[in-house]
Amino acid sequence: MEFTKMNGLGNDFIIVSGENQLPERASDLAIKVCNRYFGIGADGLVYILPSEKADFMMRIINSDGSEAEQCGNAIRCVAKSVYDHGLTNKTEISIETIGAGAQKVWLNVDQGKVKTVKVNMGEPILQGKQVPTNIDQDVVVNYPIEVDGRQFYFTAVSMGNPHCVIYVDDAVNFDLDTWGPKLEKHPLFPNKINVEFVTVRDASFMDMRVWERGAGPTLACGTGACATVVASVLNEKADRNATVSLKGGDLFIEWNEADNHVYMTGPAEEVYKGKLL
């Protein structure tokens, strides 16, 4: 299997193209190759596949073998991969995901290589049952949740995959390893959930650290950054245009009031190519 190792702000993926469909044992393979000690090492295994409704389709298998509905960092990596490797010569393409449908992508190209990627991440889903949570409310904002005797308050947002945004005093130094897995698997979330811990610095800048469902702590999460800005607008903590600072770098997020779509702009990098024997 030939692959390309890529990352979006340190959120890293093994990218595979050339298959016509998702292999039957993709889950087992992802667990094997994503292992950072006995495999290639990555947060997920991503397949670039043919699509009937878009230029390409991507399927994302997390490092634990579960499938993600969507991933903002992965879609930027896929966009760079298909252009840089000559699978398309267009700088405006669409990529199909299983959770958010076909998404429009714009490529910023410099000297024949993609430098940054802007993605239309679609409309946020806010209705509690649709995120999904077990809370039957139109919008779940600043909702109490208790775990191991500690109470947090979260805002629920889906960007094709579910997110739980929690505001803390110091997101940069927050204890992800203790609270992330407990919140991810809380009974309020029937499909488990991605957890973002956020500190708003001002109306246009915030720090965020993430515990990703199926992958654990990662250096960045594109859909999580989008969910964070949406949640911050709903909580009247930030503007609709804001920079989200993650451990691996910054993403610029816009929640457009005219069309209700969220737009994400950020980099993607190729690390190396290889062949799995």
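Trainee: Why does Trp179 count as buried?
Mentor: The model is a predicted one, and in it Trp179 has a relative accessibility of 12%. Buried means under 20%, so Trp179 counts as buried.

Trainee: Where does Trp179 lie, and which residues is Trp179 in contact with?
Mentor: Trp179 lies in helix H3, residues 176-184. Leaving aside neighbours within four places in sequence, its contacts are Val147, Asp148, Arg150, Phe152, Phe174 and Phe197. Contact here requires heavy atoms within 4.5 Å.

Trainee: What makes helix H4 largely enclosed by the rest of the structure?
Mentor: Twelve of the 13 residues of H4 are buried, so the helix is largely enclosed. Among the buried ones are Gly222, Cys226, Val230 and Val233.

Trainee: How does the reach of H4 compare with what is expected?
Mentor: H4 covers residues 222-234 and reaches 19 Å from its first C-alpha to its last. That is close to the 18 Å expected at 1.5 Å a residue. After H4 comes Glu236, whose phi is positive, near 60°.

Trainee: How do you know that Arg213 and Glu69 form a salt bridge?
Mentor: The cut-off is a side-chain nitrogen of Lys or Arg within 4 Å of a carboxyl oxygen of Asp or Glu. For Arg213 and Glu69, the closest N and O atoms are 2.4 Å apart. Arg213 lies in the loop between strands S13 and S14, and Glu69 in the loop between strand S5 and helix H2, so the pair ties together parts that are 144 residues apart in sequence.

Trainee: What does the salt bridge between Glu2 and Lys275 tie together?
Mentor: The closest N and O atoms of Glu2 and Lys275 are 4.0 Å apart. Glu2 lies in strand S1 and Lys275 in strand S18, so the pair ties together parts that are 273 residues apart in sequence. Both residues are exposed.

Trainee: How many salt bridges does the structure hold, and which residues are linked in a network?
Mentor: The structure holds twelve salt bridges. Lys5, Asp12, Arg36 and Asp43 are linked in a network of them.

Trainee: What makes the pair Glu254 and Asn256 a polar contact?
Mentor: Their side chains are joined at 3.0 Å, and the cut-off for such a pair of N or O atoms is within 3.5 Å. Glu254 lies in strand S16, residues 249-255. Beyond its neighbours within four places in sequence, Glu254 is in contact with residues including Arg240, His261 and Tyr263.

Trainee: Which residues touch the most other members of the largest nonpolar core?
Mentor: Val105 and Ile253 do, in a core of 53 residues. Apart from it lies another core, of 22 residues, among them Val168, Leu176, Ile193 and Trp211.

Methods
Residues numbered from 1 in each chain as written. Predicted model: local features only at pLDDT ≥ 70, side-chain atom pairs only at ≥ 80, totals over all residues. Heavy atoms only, no water. Helix = DSSP H or I, 4+ residues; strand = E, 2+ residues; numbered from the N terminus. Expected span 1.5 Å × (residues − 1). Buried < 20%, exposed > 50% of the residue type's maximum accessible area, 1.4 Å probe, protein only. Polar contact = N/O pair within 3.5 Å; in protein donor to acceptor, adjacent residues only side chain to side chain. Core = buried A, V, L, I, M, F, W, Y, C linked by side-chain atoms within 4.5 Å.
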